[in-house]
Amino acid sequence: MNDVLELKGKRFVQASKAGSGGPSMNSKKTVTSEQLFQLREQINRIRKFWQQEKRTFDGILISVYYNKIVAKSNRIAGLFRGKDSNYAVVGAKFNGEKTKHIITYFLDMEDLDKSMELLLRANDVIRSRFPNGIDKTAFDNREIMDRIPFERFLITKSVFRQVIADVSYIDSFEVEMAMRQLRQSIITLYNTRTDTKMLFKDLGIDLLNSRILDNQTVFLDEDQLQILFEKAPYLVAMATEDLLELSPADFIEEYQQGTLYMPSPTIEPVIGVIDTLFDKRVYFGEWVEYHDMVDDNLPKTSDDYRHGTAVDSIIVDGARLNPWLDDGCGRFRVRHFGVAVGSRFSSFTITKQIKEIVAGNRDIKVWNISLGSNQEINDNFISAEAAVLDTIQYENDVIFVVAGTNKPSADVIKIGSPADSINSMVVNAVTKSGLSTKYARRGLALSFFAKPDVSYYGGSEEQYIRVCEPLGEANVAGTSFAAPWIARKLSYLIDVLGLSREVAKAMVIDAARGWNERPTPEEVALYGHGIVPVKIDDIVHTREDEIKFLVYDISENWNSYNYYFPVPMKDDKYPYIARATMCYFPMCDRAQGVDYTNTELNLHFGRINNKGKIEDIKGDKQNQDDALGGERYFLLEGEARERFRKWDNVKYIAERPKERMRPKRSYDNKNWGMEVKTNNRLDPRDGMGIRFGVVVTLREINGVNRIDEFIRSCTLNGWLVNKIDVQTRIDINRKVNEEIEFE
């Protein structure tokens with residue numbers, strides 16, 4: 001087998017984006033005078049509503065019902081606050097059919113007045129010059145536009161064009177009213193730039209600081225909820241019941257533990273575990289540093305120690321307990337934080353604790369969470385628990401491995417929080433033969449994101465997972481017992497082999513996906529990107545007819561590019577098919593609803609043609625730079641999300657293996673290139689400093705091993721090529737971590 005190669009020493013070049021081409025009208029719509037009049041009347045009604053409403057904040061909320069899933073460039077940019085309207089977005093969701101955006105803005109009353117005036121002026125132009133309405137053909141016709149005396153209508157041409165472009169994507173304006181919910185809940189409010197405690201005080205609700213997660217998310221009891229929904233239902237962006245249940249796991253047979261010998265821990269990596277309680281009397285107790293975070297006044301039973309202890313046994317000694325799953329990763333130490341007792345617990349309390357736990361244990365890179373909700377996730381917003389995990393991972397160099405949650409009953413189908421965490425590695429369970437288990441639940445998250453990320457063996461009637469509990473060994477099944485195996489692999493890649501979390505996550509997903517370019521939506525919902533190989537060797541090595549290499553860098557600008565990948569040739573052609581997997585950890589904003597990830601990194605990889613452009617292996621023509629000779633290319637937002645995973649933080653691009661494959665032609669530039677294009681929904685600074693990791697695989701179509709030629713060519717091109725030599729990395733890790741005694 002070939003070693004995976006790490007390429008270092010040639011940084012990605014950072015380049016800014018050329019100017020945009022101005023507003024673009026919806027090609028499928030004709031904007032009429034009647035539509036402009038109706039939209040103006042809707043804004044006027046909303047204006048009157050807010051004038052009469054006794055609100056406790058300055059400003060107003062208004063929701064725009066778009067007529068499609070809109071790209072950031074097609075959001076309002078002429079009405080409301082013009083180009084700055086995007087900064088006023090406080091929520092986004094889909095309609096019931098998930099075919100259109102509903103985006104909520106927080107504005108001043110003056111913004112509504114300005115919008116009404118603009119619609120009136122634009123309507124004057126339409127009635128005078130376009131009595132049958134204006135379509136995209138006329139909109140883009142410079143001669144027609146230049147003949148209009150805009151000064152007579154008290155509006156400039158550029159403003160008129162932007163207002164018409166805005167309207168072509170809009171169905172209507174409304175004020176959203178949340179559905180009444182009267183069970184104790186985690187409530188997220190729209191951001192009205194008002195202190196939450198003062199806002200609730202004005203509503204007659206006395207809110208304790210301990211009930212506030214952040215300035216928008218609070219925990220309310222039933223009486224407080226009733227007051228809120230009676231006085232200000234328009235403030236509620238999202239609501240979920242707080243009392244969660246530990247998603248069930250099957251525990252089969254138990255018997256007294258034998259006298260298993262365990263050596264004392266030395267320099268093994270530490271994995272953080274946040275779970276139920278841990279019993280220190282088990283045979284591997286010395287390997288677990290335990291912190292009980294549960295209030296001493298709460299009753300604790302023996303059952304409260306089973307789940308957490310079982311999870312730890314897999315992390316510490318799973319390979320010996322389950323020889324069929326011996327991954328070659330060895331043993332791991334655990335720092336365990338017991339945060340829950342019983343099968344029911346407050347997710348609000350645990351969420352606050354997780355932030356404190358990670359902040360106080362910055363030496364831990366990999367965290368395992370096998371707790372989950374019995375409730376299904378919402379299609380229009382990420383759960384509060386998952387959002388906290390995503391924020392922690394954006395702000396810290398850590399990764400969470402989260403169980404995909406189990407079915408509490410046959411009528412619960414979708415995964416539960418926090419398995420909708422976008423930055424986390426979410427793991428579903430399969431049987432020993434690789435089929436989905438009867439208890440596995442389904443993604444996707446926000447109707448789009450591939451959750452779960454991957455699948456692994458979680459136990460079933462075919463072959464259970466053997467664990468250690470306080471009373472002895474047990475055979476178990478559940479996603480809770482699949483996740484720790486992936487935590488082991490990630491910790492091995494990060495803590496032992498020294499890879500970044502971005503590269504480690506990409507390697508695990510790439511190994512699970514392989515060359516399966518097009519799994520069905522049903523497969524993605526159940527298995528994610530696929531089943532991760534058991535052996536770590538199958539992740540850090542590759543076939544002899546494949547070249548697999550890793551690159552990583554930081555995005556500081558719109559285009560981060562590197563055109564120095566010297567792929568070996570045969571007869572002046574490239575006898576390969578290629579794939580690439582990229583992972584990154586973006587800033588996320590729960591208030592943005594379905595538009596949750598703030599930053600999009602778009603991956604392009606392939607040959608460099610004679611125009612200096614990359615011939616992308618996926619055929620992706622998004623983000624072409626006109627100034628560099630790129631063709632103007634339009635792609636619908638919905639299609640970009642489906643075909644190229646736009647806004648997803650995991651990118652997989654690949655060529656499909658075929659029975660008869662031909663080598664690719666070469667161009668004047670014999671190198672291949674990689675570009676990572678960065679787009680931001682809100683603040684352009686959100687994407688600055690985001691690290692990305694990419695795993696590239698080249699398969700030689702004739703079965704020839706060309707890795708030595710590739711290493712030689714990379715060295716001549718200025719790359720530092722490091723083989724991921726496992727034994728060498730283990731020796732280095734041992735040397736770095738050994739204690740030195742001074743005489």
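Which strands does helix 12 lie across, and at about what angle does helix 12 run to strand 33? In this predicted model, helix 12, made of residues 501-513, lies across strand 24 (546-555), strand 27 (576-584), strand 30 and strand 33 (690-700), and its direction is at about 35 degrees to that of strand 33.

These strands belong to an open sheet of six, whose order is 30-27-33-24-2-34 and whose pairing is mixed. At its edges are strand 30 (650-654) and strand 34 (720-723), each of which pairs on one side only, and from one strand to the next the twist averages 20 degrees. As a general point, the strands of a sheet pair through backbone hydrogen bonds, in either a parallel or an antiparallel manner. Strand 2, residues 5-8, runs antiparallel to strand 34 and is joined to strand 34 by four bridges; within this pairing, lysine 8 has leucine 720 as its bridge partner. A further helix, helix 16 (residues 707-716), lies across strand 2, strand 24 and strand 34, and runs at about 10 degrees to strand 2.

On the side of helix 2 the contact involves Leu118, Leu119, Ala122, Val125 and Ile126, which meet Val159, Phe160, Val163, Ile164 and Val167 of helix 5. Sorted by class, this contact has 10 nonpolar residues, with no polar and no charged ones.

Helix 5 (residues 157-167) is largely enclosed by the rest of the structure, because eight of its 11 residues are buried. The buried residues are Phe160, Arg161, Gln162, Val163, Ile164, Ala165, Asp166 and Val167, and what covers them includes helix 1 (33-52), helix 2 (109-129), helix 3 (136-139), helix 4 (142-146) and strand 7 (170-174).

Helix 9 contributes Ser347, Thr351, Ile354, Lys355 and Val358 to the contact, while helix 10 contributes Ala384, Glu385, Val388, Leu389 and Ile392. By class, the contact between helix 9 and helix 10 has six nonpolar, two polar and two charged residues.

Two individual residues complete the tour. Threonine 309 sits in helix 8 (residues 306-321) and is buried, its relative accessible area being 0%. A polar atom of the threonine 309 side chain lies 2.5 Å from the backbone oxygen of tyrosine 305. Leaving aside residues up to four places away in sequence, threonine 309 touches Leu277, Phe278, Asp279, Val282, Phe284, Cys468, Glu469 and Pro470.

Alanine 88, by contrast, is found in a loop, the one between strand 4 (60-66) and strand 5 (89-94). Is alanine 88 buried or exposed? Alanine 88 counts as buried because its relative accessible area is 0%. Not counting residues up to four places away in sequence, alanine 88 touches Arg81, Thr104, Tyr105, Phe106 and Leu107. Alanine 88 and asparagine 191 are 103 residues apart in sequence, with a C-alpha to C-alpha distance of 9.4 Å in space.

Notes: Residues numbered from 1 in each chain as written. Predicted model: local features only at pLDDT ≥ 70, side-chain atom pairs only at ≥ 80, totals over all residues. Heavy atoms only, no water. Pairing = 2+ DSSP bridges. Helix = DSSP H or I, 4+ residues; strand = E, 2+ residues; numbered from the N terminus. Axes fitted to C-alpha atoms, helices over the stretch in contact; angles between N-to-C directions. Contact = heavy atoms within 4.5 Å. Nonpolar A, V, L, I, M, F, W, Y, C, P; charged D, E, K, R; others polar. Buried < 20%, exposed > 50% of the residue type's maximum accessible area, 1.4 Å probe, protein only. Polar contact = N/O pair within 3.5 Å; in protein donor to acceptor, adjacent residues only side chain to side chain.
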